[in-house]
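Student: I'd like to learn how to read the contacts between parts of a structure. Can you take me through it?

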Amino acid sequence: MPGHDERKGGLGGPLLGPPYRLVGRSVIRHDARDKVVAATAYAGDWAMPGMLHGVVVRSPYPSARIRAVDTKRAAAMPGVATVMTASDVPHNTLWTDVPGQTTEVGPLRARLHVLAEDRIRHQGEPIALIAAETEQQAREAAETVAVDYEALAGVFDPAAALEAGAPAVHDQGNLLAHWRVRRGDVAAGFARADVVVEGEYRTQHVDSAYLEPESGVAWIDSDGVITIRLSTQVIEHFRDVAEVLGVRQNRVRVIGTYLGGGFGGKEDVTVEVYLGLLAWRTKRPVRMVWTRQESLLARAKRHPYRMRYRTGALRSGEIVGQEIELLADSGGYAYLSALVLLYSTVTAAGPYRVPAASVDARVAYTNNPPTSAMRGFGAMQVVFGYESQMDRVARALGLSPLEVRRVNALRRGDALPVGQVIETHVALPELIERAWGALGEPTPPRAPHVKVGRGVACNLQPYGRIVWLHDWSSAWVGFEMDGSLVVRCGVPDVGGGQASSLCQIAAEILGVPLEGVSVHIADSALTPLAGTTTASRQLYMSGNAVLKASRELREQLLAAAARMLDADPAALEMADGAVRASDGRSLALVELLRGCARMGVPRSHLGIYHAPAGEPVDLEKGSGKIFPDYTFGCHAAEVAVDTQTGRVTVLKLAAAHDVGRAINPQSVEGQIQGGAVQGMGYALMEEVVLEDGINVTTSFASYLIPSAGDVPDVEPIVVESGEGLGPFGARGIGEPPIAPPAAAIANAIEDATGARVTQLPITPERVARALGLVEGG
Amino acid sequence: MRLSLHINGRPREVDVEPSQTLLDALRETLGIFDVKEGCGEGVCGACTVLLDGRPVSSCLLLAATTAHRAITTVRGLEDDGELHPLQQAFLRHGAVQCGFCTPGMLLTGVAYVQGHPGADREALRHAIEGNLCRCTGYAKILDALEDYARETKRG
């Protein structure tokens with residue numbers, strides 16, 4: 001079996017080889033058993049005696065100056081316990097470090113106020129907090145907070161924001177970051193190209209739109225520890241709460257609940273800082289649950305992009321040069337925008353060999369809602385660009401879209417334009433063949449004016465954090481005296497089976513049944529920290545931490561068993577709750593554990609996994625590692641286009657990804673199917689509509705996500721190369737499946753009709769314009 | 001006002017405001033958290049309960065209008081600690097991810113299949129259009145529903 005190479009950053013050879021007892025089996029997840037009987041206590045399903053209810057007062061203006069905030073009336077309203085404004089916040093600034101060097105702008109420390117002081121930069125910016133005896137009272141009091149605004153001119157378009165004389169969103173200027181890549185001689189590449197194709201593409205703001213809105217409860221626990229139980233992808237925000245309150249970090253505890261969905265929208269802070277402030281101020285438990293309207297109004301969105309691609313290729317289809325310009329809208333604050341653009345910069349040319357490339361990726365402040373992390377994190381928008389281009393190259397050369405992709409597909413040892421060499425197997429030819437093959441027989445059109453066509457799109461998505469961030473995760477694995485196993489790991493479970501996979505790994509290595517494992521997750525005080533459930537990193541990082549802890553525990557237990565049995569440890573194995581020697585003797589696990597207690601051998605182990613680390617590299621010079629590794633995929637879509645109305649129906653969608661190894665194949669399929677359907681929503685339906693910075697889609701009646709009737713069943717194709725850096729050769733699969741559908745669908749529409757749509761979402765109106773049915777566009 | 005609500009076969013006396021929704025009465029007054037709030041305006045289906053066996057959005061219904069009518073939440077699907085066949089099918093097929101839509105999805109599915117034994121996949125797809133799921137892409141939910149619909153027809 002290939003893979004598990006220390007050099008690449010995996011954990012080294014498997015202690016146990018296949019066949020595996022639990023790894024690779026679609027076991028029923030413990031969290032699913034809870035969820036089908038509604039036994040899961042989500043963050044909002046929590047009440048405490050004497051609990052107050054917190055709400056946030058937000059700005060209706062996208063750009064304004066605050067002259068004064070008068071809270072006297074609100075404070076006197078029935079049931080109100082406290083009203084807080086910026087001056088009541090001990091340290092009113094939240095910081096985000098952005099390592100690395102961006103052109104022109106330099107290293108960034110993104111900052112924003114917890115509560116607005118004098119300037120409003122986007123609609124929904126928080127101004128005051130209220131806690132009252134009932135939620136109704138808190139909302140009524142919020143209505144009475146009198147804010148004296150001076151409306152200011154705003155800028156609502158990133159290109160306009162970068163023009164001279166544009167209203168300054170921030171004093172230092174509206175350019176937030178600019179990443180640049182120059183690789184090879186692009187002009188020479190274009191000079192020897194047989195064909196050069198150009199395209200401009202636009203993507204839209206979209207929302208994570210998880211079913212569970214932002215929610216949590218905070219209280220002051222014993223010894224004054226401020227404890228916040230909430231729905232978050234990042235329990236490490238306890239440090240931000242401590243910083244804002246001006247207390248030591250060990251005085252704040254965050255307990256992460258099983259989330260009702262995250263998708264990146266619960267990566268930045270949500271309610272924890274507000275709850276921490278209100279509980280600290282009132283000394284009472286406080287609950288805050290955002291309404292859907294508030295969630296859609298206040299949460300950061302996916303960045304809309306404008307992309308310009310110019311691609312030169314030889315007659316064979318081989319790409320010889322590419323110029324890429326990206327411009328993104330960060331909204332009123334930086335959040336994670338610079339990093340999102342870095343992801344775009346690294347992946348902008350797709351999973352292809354492009355010997356000469358230039359990339360300019362810029363992101364600007366505007367007075368639109370802020371944009372930040374969302375599943376795919378900047379590696380998504382560019383797929384619509386580079387995969388539309390691949391079809392244009394194919395069309396210009398009279399080649400099949402599959403052939404053009406096969407000709408250019410990255411292979412192990414090839415470098416991305418930023419200089420990172422791909423060190424693992426790239427299964428693209430197999431992924432393309434299997435996705436395309438899964439479409440089967442063509443669907444006959446149901447009417448003469450309906451055209452049916454097919455398209456593909458490939459992608460690459462990093463998993464694991466940027467190597468400059470020196471990422472690590474830790475997990476504790478230990479036996480109780482009765483032979484039951486406990487896993488403790490600070491991983492938030494967003495619903496992807498993060499916790500359950502850890503149980504499978506520990507049970508596999510330690511030879512116990514899955515039912516004998518309990519897992520405790522996401523408690524910043526009681527579980528070893530595991531980092532964020534973002535960046536498709538938890539199976540990779542915490543899976544490796546649990547694997548490491550389990551292996552080391554196994555070794556220490558087998559050494560003890562060897563002493564007890566007077567046997568060679570190498571001749572012992574752990575299985576079925578016992579230790580067996582090759583000569584047939586065995587030792588029950590409980591006997592071994594008692595023996596360990598007598599001999600003073602620990603029955604637990606803390607495992608820490610460090611990802612491959614590196615220092616920031618100069619992208620422009622292009623050398624060095626940026627991400628630990630990548631997950632590759634290919635989706636194939638069949639669509640029907642009604643050429644009278646422009647309506648597009650996706651008939652089939654097959655989604656193939658090389659996941660390295662599927663620890664739980666059913667969970668992997670679920671990630672692929674769910675991600676692909678979100679990707680279809682992005683392609684066809686979803687759009688946060690803004691009118692001069694005002695969000696007019698703040699309900700599920702106006703912000704439409706796919707329902708069961710809007711999408712076909714996605715056929716998941718799970719390819720297992722064993723080449724990933726995660727446990728048992730697994731790769732990350734949380735984010736990758738969301739990205740390809742938009743381009744695959746646009747390519748299928750062109751195949752069906754000859755018309756290319758270059759702006760998302762692909763509404764009937766845009767298709768009708770592309771078909772020439774209506775004027776303009 | 002004082003009401004008698006019949007929840008999962010048992011009467012519960014409760015004081016509600018005339019303007020209080022059934023969702024709010026269940027969650028905030030009675031502490032029955034197996035009903036979820038996803039949108040508060042009857043679009044997402046997370047707050048679905050069965051009222052006399054028919055799925056309704058409890059966020060749109062005034063509690064006062066439901067007195068003496070049979071209210072079923074997901075906890076009412078279990079029979080003497082035994083999971084309902086659809087709950088078992090959800091587990092078998094991996095139809096649960098974050099689980100926030102699951103209670104509403106189960107109740108809508110049970111009500112529909114009971115009225116349409118042996119319903120096919122396309123009918124089931126249509127039946128759950130009012131229950132949004134952001135995680136699964138619906139395919140595994142439909143696999144589970146299809147299995148349950150087949151069992152119901154045989155039974």
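Tutor: Two residues are in contact if their C-beta atoms, placed from the backbone, lie within 7 Å. Here, that contact takes 41 residues from chain A and 40 residues from chain B. This is a predicted model, where local features need pLDDT of at least 70 and side-chain atom pairs count only at pLDDT 80 or more, while totals for chains, interfaces and linings use all residues. Residues are numbered from 1 along each chain as its sequence is written, and chains are lettered from A and ligands numbered from 1 in the order in which they are written.

Student: Which elements give two or more residues to the side of chain A that touches chain B?

Tutor: Helices (H or I, at least four residues) and strands (E, at least two) are DSSP runs, numbered from the N terminus. On that side of chain A you get α1 (30-36) and α16 (665-684), and α16(A) gives the most, with seven residues.

Student: And by class, what does the side of chain A that touches chain B have?

Tutor: Ala, Val, Leu, Ile, Met, Phe, Trp, Tyr, Cys and Pro count as nonpolar, Asp, Glu, Lys and Arg as charged, and the others, Gly among them, as polar. That side of chain A has 20 nonpolar, 15 polar and six charged residues.

Student: What does the domain assignment of chain B give?

Tutor: Such bounds come from an automatic or database domain assignment. For chain B it gives domain 1 (2-76) and domain 2 (85-154). Their contact takes 17 residues from domain 1 of chain B and eleven residues from domain 2 of chain B.
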